[in-house]
Amino acid sequence: NAYLDAIDRANPSLNAYVAVTHDKARAMASASDAKLARGEGGVLEGIPLGIKDLFATEGVHTQAASHILDKFEPRYESTVTANLWADGAVMLGKLNMDEFAMGSSNETSFYGPVVNPWRRANGDNKQLVPGGSSGGSAAAVAGWLCAGATATDTGGSIRQPAAFTGTVGIKPTYGRCSRWGTVAFASSLDQAGPIARDVRDAAILLKSMASVDPKDTTSVDLPVPDYEAAIGRPIKGLKVGIPREYRVDGMPDEIEKLWSQGIAWLREAGAEIVDISLPHTKYALPAYYIVAPAEASSNLARYDGVRYGLRVPGKDIVDMYEKTRAEGFGREVKRRVMIGTYVLSAGYYDAYYLKAQKVRTLIKRDFEEAYASGIDVILTPATPSAAFGIADEDMAADPVKMYLNDIFTVTVNMAGLPGIAVPAGLDASGLPLALQLIGRPFEEETLFQTAAVIE
Ligand code: GLN
């Protein structure tokens, strides 16, 4: 009830939730009470969570923050949310996001922008973005409108919003969580993960979300470790790689300083700091913005006005498709569909898509070589800046500026690796900044262990 009250009070200004499931939340909470009274209950019994609008929730608003999925209520539950409910969690509602998870500021949502609960300390009182695409998840956690949230990350959508809101977000290894019942953006990059208030909460939530699932053949049949147990383990002797290519041109001083501070903390805790090279880093962002739109254009072909959501009548079926897609998709989604269709088309496939896939292999190999040389974990900044203002003029004028937000995060998705964003300091105006740790495949434990030292 306290969380529902907080939502009713703050959501009109934050716009973090697109649907609040008051009745369902109360019913689930009473069931949890009864279980706890009997001395039963799972690890998340009674814990109220917010769910990104990308996860299918049975009989509940699931629209990927898009107009084209108007009134869509699935008849099935995503595996990730089913796992959370099986452990006793309570659903508060569905969280705002960039439309189809395409964006870095939560401004592409059909439901309007999410407002970051943080403000600059300089008194300008400007409304800031919470990052994206999981901006509703990050804002709801930071604003105490849920105890934790689900999110997804295709190129940074868990880690960048976590960084902008002083929360913890982990994108696990590709295959750690089932993608079944999660609306697809770019299937070879998409992964679910939690956004939470601290490292321990993130560890508990990920443990519950992760599972092998016969309904997603890319989910991996490996035992899910007790991530929480990794917190507090000493990091003495751990080899931490510092990739020189992440020292990008024009990196602000405060990000540079934050990074050095992180290095110092890990060294003091006994880690060995090693300079490493990931030579193909600079190609990751352009290659990502070919691969992700290519997969998106294919995945989004299913929204045709016949099967789900919105249908705008036309004079014949083709006219109906065109009108539905013209009205149902927002600008950014259309841009991605057009880029994707272009790079997959017969004359350009080899030059763009195939080339990007080759670059992707080289990026993956860079990491493999670093890990083969004995590196346990890699430390980088999470984002090139703190949260920026809503309707930032530079970003609005040039979509590539917005894409540059993902410069430190997309490599991790391209290589399928786990990455965590952990709050590490404040910028000059008092806004949160985060560091990112990148791990070996399926070694999320090392990320929790190391992030707990920084936190
Ligand atoms: N900002 C990136 C994009 O717009 C990443 C989004 C995501 O991870 N879902 O594609």
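Residues are numbered from 1 along each chain as its sequence is written. Because the model is predicted, local features are used only at pLDDT of at least 70 and side-chain atom pairs only at pLDDT 80 or more, while totals for chains, interfaces and linings use all residues. The chain has a mean pLDDT of 97, with 100% of its residues at 70 or more, where pLDDT is the predictor's confidence in each residue, from 0 to 100.

An unreviewed UniProt entry lists Lys52, Ser133 and Ser157 under "active site", in the numbering used here, although such annotations may be inferred rather than shown by experiment. These residues span 106 residues in sequence, yet no two of their C-alpha atoms are more than 11.3 Å apart, so they gather at one spot.

The table gives burial, for which a residue is buried if 20 or more other C-beta atoms, placed from the backbone, lie within 10 Å of its own, exposed if 12 or fewer, and partly exposed in between.

| Residue | Other C-beta atoms within 10 Å | Class |
|---|---|---|
| Lys52 | 33 atoms | buried |
| Ser157 | 37 atoms | buried |

Lys52 is found in strand β2 (residues 48-52), whereas Ser157 lies in the loop between β4 (148-153) and α5 (159-165); helices (H or I, at least four residues) and strands (E, at least two) are DSSP runs, numbered from the N terminus. Leaving aside neighbours within four places in sequence, the contacts of Ser157 include Ser133, a contact meaning that C-beta atoms placed from the backbone lie within 7 Å.

Thr341 belongs to helix α10 (residues 331-344), and its C-alpha atom is 8.0 Å from that of Ser298, 43 residues away along the chain.

Key
Contact = placed C-beta atoms within 7 Å.
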